[in-house]
Amino acid sequence: MKLREIINKIFLIEIFKGLFLTLRMLFSKPVTIQYPFQRRKIYPGFRGRHALVRDPFTGDGKCIGCMRCTTVCPSRCIYIKREKTENKMIVTDYVIDASRCIFCAYCVEACPVCALVLTEDFEYSDYMRKNLIFNKEQLLKNWDEFASKWPYDVYFNKFWQPPGIDPSRWPKTKREQKPIPIKRFIEIKKEESDESSS
């Protein structure tokens, strides 16, 4: 044992260093955010609650039933039912089990028409597991709620055109995807609610 180690043990130098650090932190500015009264800024591309994107011009979901999201999903939490009518694939049901999802956003990247999104909404915890299983109507409703809270006029998810992939390898619809006009979508929803109330 060296002399320095003996002195440290006798005079409890390491303990005093720890106490001094605690004392220093006691008078420094706290970094804790007092949630829910204070909220952290959500960064673009945050992976939160799932939603099926509505086409702002037709008001319908954009999903074409290609099954790419179910194929690429590592946790197998997406279930799609579809029917072929008049040479067109119609999605009859789209179910996501959010309790099994690992929020990797592979489904969002794989979607050729940018129909799926992990919104920036993170406050959707629940006591019942069945409430975390979203069907097609709930996923469209999630988009409606998200769009009504979105502070900007347009929305574009960073996973729709992920960096690092040559754009020439993307499907045509993914290459041509532009930001979705949220303001127009909200105006259409208002007109529909006004028509239904009158």
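Q: What makes the contact between Glu123 and Arg39 a salt bridge?
A: The side chains of Glu123 and Arg39 meet with N to O at 2.3 Å, and the cut-off for a salt bridge is within 4 Å, so the pair qualifies. Keep in mind that this is a predicted model. The two partners come from distant parts of the chain, 84 residues apart: Glu123 sits in the loop between β4 (116-118) and β5 (133-134), and Arg39 in the loop between α2 and β1 (50-52).

Q: Why does Glu123 count as partly exposed, and why does Arg39?
A: Partly exposed is the range between buried, under 20% relative accessible area, and exposed, over 50%. Glu123 has 40% relative accessibility, so it counts as partly exposed. Arg39, at 49%, therefore counts as partly exposed too.

Q: How do you know that Asp121 and Arg49 form a salt bridge?
A: The closest N and O atoms of Asp121 and Arg49 are 2.7 Å apart, to be set against a limit of 4 Å. This pair also links distant parts of the chain, with Asp121 in the loop between β4 and β5 and Arg49 in the loop between α2 and β1, 72 residues apart. Both Asp121 and Arg49 are buried.

Q: Which residues are linked with Arg49 and Asp121 in a network of salt bridges?
A: Lys141 and Glu145 are linked with them in that network. A search of the whole structure finds eight salt bridges.

Q: Why are α1 and α2 called oblique to each other?
A: Helix α1 (residues 3-11) and helix α2 (residues 13-26) pack at an angle of about 60°, with their axes 6 Å apart. Roughly parallel needs an angle under 35 degrees and roughly perpendicular needs 65 to 115, so α1 and α2 are oblique. Their contact is made by Ile7, Asn8 and Phe11 of α1 together with Ile13, Glu14 and Phe16 of α2. Those residues divide into four nonpolar, one polar and one charged.

Q: What makes α1 "hardly covered"?
A: The count of buried residues among the nine residues of α1 is zero. After α1 comes Leu12, whose phi is positive, near 55°.

Q: How do you know which strands are the edges of the open sheet?
A: The three strands of the sheet have the order β2-β3-β5, with antiparallel pairing. β2 and β5 each pair on one side only, and they are the edge strands. Helix α5 (residues 136-149) packs on this sheet, touching β3 and β5, and its direction makes about 80° with that of β3.

Q: What makes β2 and β3 a pair, and what joins them?
A: Two strands pair if there are at least two bridges between them, and strand β2 (residues 78-85) and β3 have eight, in the antiparallel sense.

Q: Why is Ala115 called buried?
A: Ala115 has a relative accessible area of 1%, and buried means under 20%, so the word applies. Ala115 is found in the loop between α4 (106-110) and β4. Leaving aside neighbours within four places in sequence, Ala115 is in contact with Ala51, Leu52, Val53, Lys62 and Cys63.

Definitions and conventions:
Residues numbered from 1 in each chain as written. Predicted model: local features only at pLDDT ≥ 70, side-chain atom pairs only at ≥ 80, totals over all residues. Heavy atoms only, no water. Axes fitted to C-alpha atoms, helices over the stretch in contact; angles between N-to-C directions. Helix = DSSP H or I, 4+ residues; strand = E, 2+ residues; numbered from the N terminus. Parallel < 35°, antiparallel > 145°, perpendicular 65-115°, else oblique. Contact = heavy atoms within 4.5 Å. Nonpolar A, V, L, I, M, F, W, Y, C, P; charged D, E, K, R; others polar. Buried < 20%, exposed > 50% of the residue type's maximum accessible area, 1.4 Å probe, protein only.
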